[in-house]
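Work through the exercises below with the sequence and the coordinates open. Each task is followed by its solution in steps.

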Amino acid sequence: MDSLTIRQTFLDFFAERGARRYDSAPLIPNDPSLLLTIAGMVPFKPYFLGDATPPSARAVSFQKCVRTNDIENVGRTTRHLSFFEMLGNFSFGDYFKREAIRWAYRLSVQEYGLDPARIWVTIYEDDDEAERCWLEETDIPRERIQRVGVPAGATRKDASDNFWSTGGAGPCGPCSELNYDRGPEWGEEGGPLVNGERYLEYYNLVFMQYVQDRDGEVIGDLPAPSVDTGLGLERMAVLLQGVDNVFETDLFAPLLARAEELTGAAYDDGVDETDVSLRVIAEHARTSAFLIGDGVLPAKEGRGYVLRRLLRRAVRHGQLLGVDVGGGQPLLVPMVEQVIELMAAAYPDLAAQRELVTRIAAAEEADFGARIRQGLEKVDTAIEALGGRDQAAGKAFPGEVAFELHDTFGFPIDLTVEIAADAGLELDRDRFEELMDAQRARARAAAKRGGGAIDIDTYRTAASHVGSTEFVGYGDELITESQLGALVSPGGLLDAASEGDEVEVVLPRPPFYAEGGGQIGDAGTLSTPTGRLEVADTQEALDGFIVHRAKVVAGEVHAGQEIAAEVDRDRRVATARSHSATHILHATIKELLGAHAQQAGSLVPPGRLRFDFPHFDRVSRDELDLLERTVNRRVVADPYVQTEILPVEDARAAGAVANFGEKYGEVVRVVTIGDFSKELCGGTHVPSGAKVGTITVVREESIGSNTRRIEALTGEDAFTYLTRERLVAEEVSRLLEVPSDQAVARVGALLERLKAAEKELAAARGAALSQDAARIAAEADRADGLAVVVHRVDGVAMDDLRRLATEVRTHLGTRGVVVTATATDDGKAQLICALTNDLADAGVVAREILHPAAQVVGGGAGGKGDLAQAGGKQGAKLDEALAIAAQQARTVAGDA
């Protein structure tokens, strides 16, 4: 049975039993605790945790997943994959163990045709109910049911064997797994507890029936027992296609064949390094294509780092197989194209992103290809310094080299670790981490989320009191009467709050928009009969549960009071202008630059916008001008702005754009602007296009590999900016005494005259330096056949200081050391050291001569063999530094 049929059979089987079908959610999860979607249940997590109400009590899905915790094993075994598919059936308080077990067995035997005599089952150690269901609902005898418990010394919170939990407080319960006996050729018999290779697990049933506390202790029964299951598509393909491992299935065989064509290597399903490299290329190309297709772009951290690591590991293994990486022999592009061709039937969205996927792959391959040779030379040099590959085993690979490879050559540290391990070396991880501390600190600071330290359980408690909240602030409904549903603080729910207190307020029907889709949260005021609060921000603490971050500015407020909620109208209107402008800009950018330039992030505050998108070149000035003219022409035409509420599938069928990384429910808002923009969007917008006002682009820049950012102003903010720019232009024209339309030409002419004057000045200065150089060289301190010149001249530029040193060196001829220095106007010291060629050829290094002097002035030295420079902040110590440099010159160069 091919993989398409395996997938469709599963979906049809449970759809016939009343399950609502869900296509795969993106690999970017709507869960801040997760970097990527790692399991089939991730999109349904809010339903299992009780944070949202499912539209149907039964569900069935196929879900793409990525896990990279053991990426170094991918390729080295035939089991490890970074990308895999989970087929799952779910019950949210509906059917439970009996039905789940009955259907899992019937699916296995009747639909997939597995031999019932070869199916073995594991259950949790004390789950008698599950055993009874297996015995009553299936033909599996008791002797093929094995009990699995918590490992010795562990708690249920730590257990991975047949008991599932979230890892913290929340639902939990026992598991039951289906395993298939692949036969005596796979080793010892005795069931999955004896031999997991022979008895391959292919289907896991999780029965959520308990609630546990933070310590992993069960504290009660779950009010509505639920079921979460996962059947691995790749593992089922192994069983139904009669092959030994996943790389022989129809999911991978075409990819391996393409990798063979591109590299000229042959795959024989062995364990040699050629097979490892071919598996890495095939597997990582598959994962990378799906990550890019879901909007992940290469970066130095987060999801982008995961992608870059995969792409570069694939490139590295192509290089090991002889591919001329970066030299015109493509590898990644034809591989991801093969992935798209193979997977497009199940994932049409991947095919729609073909241009983006292939261009990102090409750009990353070209970039890393240009670096990899230099980087690998660094690795080889470091290994040789340790005695070569034969002598290096067991020694530490220098952390400094690993840091340089990471920082300069773009080597993911995991790739360096892997290369070092191939030579028997273990990375000096402590030293590497020490060098990375500054960057890690910045990353941690950027990752911190605002909003205080309110625990998610506190929000859930508030939600149980208030219920779900409903945003009612679309259109002009910016003032409403409501009830103060809850006052939330880090310590829990409050009955009251007094002047000066900062709290989060919950209203059942708030008019305040909660931050989402790039649009910032609303601000405004909340007034009760006894007090008033100022709302600084509005957020969605749980799915469908809005909180207002506020401060009591007068009196005191009490939970349960009647409350008047008023949104800051000016801020909301300006924000709506920016949001509609973002949609117009998005549509226009894709028309001008290509469909790949899809929104990859945005920020929509009042009066301005920030828009990120994948693109492979700087957006030129002409392109920006055309973009700005086009968006403003569209605004002036006053296009209609229409909002519809549609089922998500109908919205997609109508051509509505879904942006990367955004969460969409079963029913969505579709915002249409004119005949050029249609997006899924829950934000607020202007009533008609002309209300956006002027849009002016103020910045375009790179924010990462193949990712651009445009910043623009809208409405009154744009008008203010343009007015200021006009006044500046008028003042420049006045100073130049020319009409404004001639100002640019006049400035250009003045700059040309300035360049000519600077050139003449440089020539004169050079002639003077040449004369000074001959005189300074004649005054050299000569002893024991070595000429040392130490000369200070203050107030000169670094280039002139360097030129003076090299001119003096020329006059010295042979066996000469020149050190020139200057104190700058801001009190800093700068030094240059130049050596004659014979000293440099003898191994004397200019940097070593300057190093002690640089330390005196509080700096460091750098440069190549015959020429070095140094600098520091302590210019007052320059004479002391020069004396030390003269002494160091005699010490270092005297015997050369």
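Predicted model: local features only at pLDDT ≥ 70, side-chain atom pairs only at ≥ 80, totals over all residues.

**Exercise 1.** Determine in which sense strands S17 and S18 pair, and over how many bridges.

Solution. Start with the ranges: S17 covers residues 524-528 and S18 covers residues 531-542. The two strands pair in the antiparallel sense over five bridges.

**Exercise 2.** Follow S18 to strand S19 and describe the pairing and the turn.

Solution. S19 spans residues 545-558, and its pairing with S18 is antiparallel over ten bridges. Within this pairing, Leu533 has Val552 of S19 as its bridge partner. S18 and S19 form a hairpin with two residues between them. In that turn, Gly544 has a positive phi of about 80°.

**Exercise 3.** List the residues of the nonpolar surface patch of about 370 Å² and assign the patch to helices.

Solution. The patch is made by Val728, Val732, Val747, Leu751 and Leu754. Two elements give two or more residues to this patch: helix H20 (715-736) and helix H21 (743-778). H21 supplies the largest share, three residues.

**Exercise 4.** Is Val728 buried, partly exposed or exposed?

Solution. First place the residue: Val728 lies in helix H20. Its relative accessibility is 47%. Buried requires under 20% and exposed over 50%, so Val728, at 47%, counts as partly exposed.

Terms used. Residues numbered from 1 in each chain as written. Heavy atoms only, no water. Patch = residues over 30% accessible without salt bridge, like charges linked within 9 Å, V, L, I, M, F, W, Y side chains within 5 Å. Areas by Shrake-Rupley, 256 points an atom, 1.4 Å probe, with all protein chains shown as cover. Salt bridge = Lys/Arg side-chain N within 4 Å of Asp/Glu carboxyl O. Helix = DSSP H or I, 4+ residues; strand = E, 2+ residues; numbered from the N terminus. Buried < 20%, exposed > 50% of the residue type's maximum accessible area, 1.4 Å probe, protein only. Pairing = 2+ DSSP bridges.
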